[in-house]
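Dear colleague,

I am passing on the structure we spoke about, and below it you will find my notes on what turned up in it. Please read them with the structure open beside you.

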Amino acid sequence: MNKLKLQFVVCFVLLTLSAFTGCSGNSDELPTGKVYGKVTYKGKPLPLGSVTFIPDGMGKAASGEIQEDGSYVLTTYSKGDGAIIGNHKVMIISERDTSNLPAESAAANEDLSLIPEKYSMSPKTSGLTAIVKEDGNEINFDLK
């Protein structure tokens, strides 16, 4: 086989193998289901913060930023892909923005949390849980 033909065969084999491995995805990634919803506190949309889903079993936690209308979309591996399928403990954090206040200001040193601390201290204290399925999951939280 001449040198040019050999290079062509090697390139063809490498391209074919890379195409197959590219389609299989990362083997470390567990299947996810899209998760979105709304967070309210005392019946009103929570205007900022984050939602975190921690799987009961193995896998990476998912998180999403709370938007001004209280809505959120979770991400585990890539933007908006959701959370790992299965049972989760949930944590929600929402704090006032004090970045524009002087550090010595009394308002900057007040309690920053917009919601009771139990929701943000740990997934064990929040009391919030969720089940993520393969299909789209609308999971809303109404905090008291």
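Threonine 76 has a relative accessibility of 4%, and because buried means under 20%, threonine 76 counts as buried. Please keep in mind throughout that this is a predicted model.

As for its place in the chain, threonine 76 sits in the loop that runs between strand 6 (71-73) and strand 7 (83-84). Leaving aside residues up to four places away in sequence, threonine 76 touches Thr32, Lys60, Ala61, Ala62, Asp81, Gly82, Ala83 and Ile84. Serine 63, which is 13 residues apart from threonine 76 in sequence, lies 6.8 Å from it in space, C-alpha to C-alpha.

Alanine 62, in strand 5, is the bridge partner of phenylalanine 53, and strand 4 pairs with strand 5 (residues 62-66) in the antiparallel sense over five bridges. These two strands form a hairpin with six residues between them, and in the turn glycine 59 has a positive phi of about 125°.

Strand 4 (residues 49-55) is itself mostly covered, with six of its seven residues buried. Strand 4 is also joined by six bridges to strand 8 (residues 86-93), and these two run antiparallel, with proline 55 standing opposite histidine 88 of strand 8.

With best wishes

Note on methods: Residues numbered from 1 in each chain as written. Predicted model: local features only at pLDDT ≥ 70, side-chain atom pairs only at ≥ 80, totals over all residues. Heavy atoms only, no water. Helix = DSSP H or I, 4+ residues; strand = E, 2+ residues; numbered from the N terminus. Buried < 20%, exposed > 50% of the residue type's maximum accessible area, 1.4 Å probe, protein only. Contact = heavy atoms within 4.5 Å. Pairing = 2+ DSSP bridges.
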